[in-house]
Amino acid sequence: MLDIQTLRNDLAGVAARLATRGYQLDTVKFEQLEAERKTIQTRTQELQAKRNAASKQIGQAKAKGEDVSAIMAEVGALGDELKQLEQNVGRAIGELQNFLEVIPNVPHADVPVGKSEADNVEVRKVGTPPKFDFEVQDHVSIGEGLGGLDFETAAKITGSRFSLLKGPLARLHRALAQFMLDTHTEKHGYTEAYVPYIVNGTSMYGTGQLPKFEVDLFRVPRPVGEGIEEDFYLIPTAEVPVTNMVRDEIVPLEKLPMKFVAHTPCFRSEAGSYGRDTRGMIRQHQFDKVELVQIVHPEKSYEMLEELLGHAETILKQLGLPYRVVKLCTGDMGFSAATTYDIEVWLPAQNTYREISSCSNFEAFQARRMQARFRNAQGKPELVHTLNGSGLAVGRTLVAVLENYQQADGSVLVPEVLRPYMGGLTSINAI
RNA sequence: GGAGAGGUGGCAGAGUGGUCGAAUGUACCUGACUCGAAAUCAGGCGUAGGUGUGAGCCUACCGAGGGUUCGAAUCCCUCCCUCUCCGCCA
């Protein structure tokens, strides 16, 4: 959520910056909601003050044993109007809140302006795509050929967009996650976290998935009381539970930065993407991801973003997978982000780079929604900045390994760094 | 699933329906004493919104939401959470 003060002070400026990401801020509506809120609130507070003063008088008069019927009658007459006004204030503030919480974050000044993916800016390319002297197969053919990747059985068990791994491929999947976790905890200073995979609506709101993107989530209905429902949701990323660790907290200055890494499954309904990436395990309803989350001092957040990006890149370097880093343009960034780098890995069968990690600085956007604060040098609570990035998406990394390390005979070489996690196995052959 | 206890300021912990936004302790900040520190003493010390050039003033907030009342931290209802015991369970 944006700071309402900024909107009050520089509405046109905010609107202009939001326009670069294709969001038309309804400034007229904002001003109207603000004016309405102000009028009603001021009037209400005047009446409340009157009532409080009179009530206080009643108390004092009663203590002295004086007659209070006159004042009681007077203040009693205030009741109906006040009740009405209080409801109106609540409604006005609610409307303003609803308006604010669907406004996306303002892009950082350095973010390239653009409309779509096509306008993203390549930052660097690392590694060279491998040359093959045979016909390249995609990960589906490779995996099925090895007998370890089975979409049909997954579809029988659940439905489309789920996958089933067996044997060495299942182990490779586990090895990748372990390798990533070990690297980030041992070399990059992250604290490993094991977190709930099901969260409440407040947590989803805190990181920005709700209220705007409910269709992307899997909802778990949960009646809590008489006619009350407080649904749970399957996490679409570990960002949600991990970042919400600091919701409603005021952390001491010296605890910053906080760095967490978590390996979790992620669940996405992928509504509205039915025609895309239907083959293979690129776009699934369930996939594993190792997620990096940082809670940092506002002055350090951009520095830390570069660092976090580097941590994710390390994994690809270690695995020997060619990739490129792209800085997303204003039009392609997610709702909550102020700056985002995507890391795209080379997929030989698609002859292109595909997203495997997304690293973002949310500045205070999530922190404001979550009321995640730290006590600054002056002793005052101040909003933290939050960052996160995939380090990496495990399923897509598996795809990349299969495709980049495929051999003419259909087998797949195991990248060196994964061998200790594979019981020394150097090559995966058909079962 | 059953029974009980409890949720109040950074923390601990009081609070007969009426000068309670909240005692007290502790932590923290400032000052005094001291060569300095500790101890002691004095003062300050929540969040958010409104209003004013400003000192300030006003409003809301005692787990959440409703209700009763001129007035609610305090009474009533619903819910959430925490803890203890029993049962069940990986």
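Mentor: A residue is called buried under 20% relative accessible area, exposed over 50% and partly exposed in between, with a 1.4 Å probe and protein chains only. The model is a predicted one, in which local features need pLDDT of at least 70 and side-chain atom pairs count only at pLDDT 80 or more, while totals for chains, interfaces and linings use all residues. Residues are numbered from 1 along each chain as its sequence is written, chains are lettered from A and ligands numbered from 1 in the order in which they are written, and side-chain values use heavy atoms, with hydrogens and water left out.

I begin with glutamine 371, which is partly exposed at 31% relative accessibility. Glutamine 371 sits in the loop between α11 (365-370) and β14; such labels are DSSP runs numbered from the N terminus, helices being H or I of at least four residues and strands E of at least two. The phi of glutamine 371 is positive, near 55 degrees, in a residue other than glycine. Most residues other than glycine have a negative phi. Asparagine 351 also has a positive phi, of about 55 degrees, and is not a glycine. Asparagine 351 belongs to the loop between β12 (339-347) and β13 (352-361) and is exposed, with a relative accessible area of 58%.

The greatest share is that of α3, with 14 residues. In total, 26 residues surround RNA strand B, and Arg37, Lys38, Gln48, Lys62 and Val224 are the closest; a residue is near a strand if one of its heavy atoms lies within 4 Å of it. Of the atoms of RNA strand B that come within 4 Å of the protein, 66% belong to sugar and phosphate.

By class, the surface has six nonpolar, 10 polar and 10 charged residues. Here Ala, Val, Leu, Ile, Met, Phe, Trp, Tyr, Cys and Pro count as nonpolar, Asp, Glu, Lys and Arg as charged, and the others, Gly among them, as polar.

The side chain of glutamine 45 places an N or O atom 3.0 Å from a base nitrogen of RNA strand B. For glutamine 48, the partner is a sugar or linking oxygen, at 2.8 Å.

The axes of α3 (residues 27-63) and α4 (residues 69-100) come within 8 Å and cross at roughly 150 degrees. α3 is therefore roughly antiparallel to α4. Axes are lines fitted to C-alpha atoms, for helices over the stretch in contact, with angles from 0 to 180 degrees between N-to-C directions; under 35 degrees counts as roughly parallel, over 145 as roughly antiparallel, 65 to 115 as roughly perpendicular and the rest as oblique. The contact of α3 with α4 comprises 18 nonpolar, five polar and 10 charged residues.

Technical notes. A polar contact is a pair of N or O atoms within 3.5 Å; within protein, one must be able to donate a hydrogen and the other to accept it, and residues adjacent in sequence count only if both atoms are side-chain atoms.
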